[in-house]
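Reader: I'm new to this one, so could you show me the structure and then take me through its aromatic rings?

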Amino acid sequence: MALIIEDGTIVANANSYNTVAEITAYIELRGYTAAATLETDAVRAYDYMSTLNWIVDQTVAYTVTAKHKAAHSEATYRLSQGLDPSISPSERVKSKKVGPLEKEFFSSNG
């Protein structure tokens, strides 16, 4: 599989916002270890980001900002670790109950 990088010009069949080298640099800068599955995880992260509707009209050129690229790298890393990219890493408690309200989080530590 080869990554086809979306740069905001509506690249045909695009499946990533970053190259494997960019994702690896992002991950290693934060002291993490890059997984061998980064290419596949990058495609999965691209698919995940596409569900967020962060672009109103994906048929019109747009700017892929550094924040978009960082979000894609972060989602790629989380997926490579078997984590849900939609859950904040700070949500580490199993459950929280306040009166009749209860919320359960899935820990990134297992």
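Reader: How many aromatic pairs are there?
Author: Bearing in mind that this is a predicted model, the count comes to two aromatic pairs. One of them is formed by Tyr17 and Tyr46, whose rings are tilted, at 4.8 Å centre to centre and with 40 degrees between the planes.

Reader: Where in the chain do Tyr17 and Tyr46 come from?
Author: They link distant parts of the chain, since Tyr17 belongs to the segment before α1 (20-29) and Tyr46 to helix α2 (residues 38-50), which puts them 29 residues apart.

Reader: And is Tyr17 buried or exposed?
Author: Tyr17 has a relative accessible area of 1%, so it is buried, and Tyr46 counts as buried too, because its relative accessibility is 12% and the cut-off for buried is under 20%.

Reader: Which residues make up the other pair, and how are the rings arranged?
Author: That pair is Tyr32 with Tyr77, and it is stacked, with 4.5 Å centre to centre and 10 degrees between the planes. It also links distant parts of the chain, with Tyr32 in the loop between α1 and α2 and Tyr77 in helix α3 (residues 66-80), 45 residues apart.

Reader: What about the accessible area of Tyr32 and Tyr77?
Author: Tyr32 is partly exposed, with a relative accessible area of 38%, whereas Tyr77 is buried, with a value of 13%.

Reader: Changing topic, which ring does the charged end of Arg30 sit over?
Author: The charged end of Arg30 sits over the ring of Tyr26, at 3.6 Å from the centre of that ring.

Definitions and conventions
Residues are numbered from 1 along each chain as its sequence is written. This is a predicted model: local features need pLDDT of at least 70, side-chain atom pairs count only at pLDDT 80 or more; totals for chains, interfaces and linings use all residues. Side-chain values use heavy atoms; hydrogens and water are left out. Rings of Phe, Tyr and Trp (its six-membered ring) pair if their centres lie within 6.5 Å; planes under 30 degrees apart count as stacked, over 60 as edge-to-face and the rest as tilted. Helices (H or I, at least four residues) and strands (E, at least two) are DSSP runs, numbered from the N terminus. Buried means under 20% relative accessible area, exposed over 50%, partly exposed in between (1.4 Å probe, protein chains only). A charge sits over a ring if NZ of Lys or CZ of Arg is within 6 Å of the ring centre and within 35 degrees of the ring normal.
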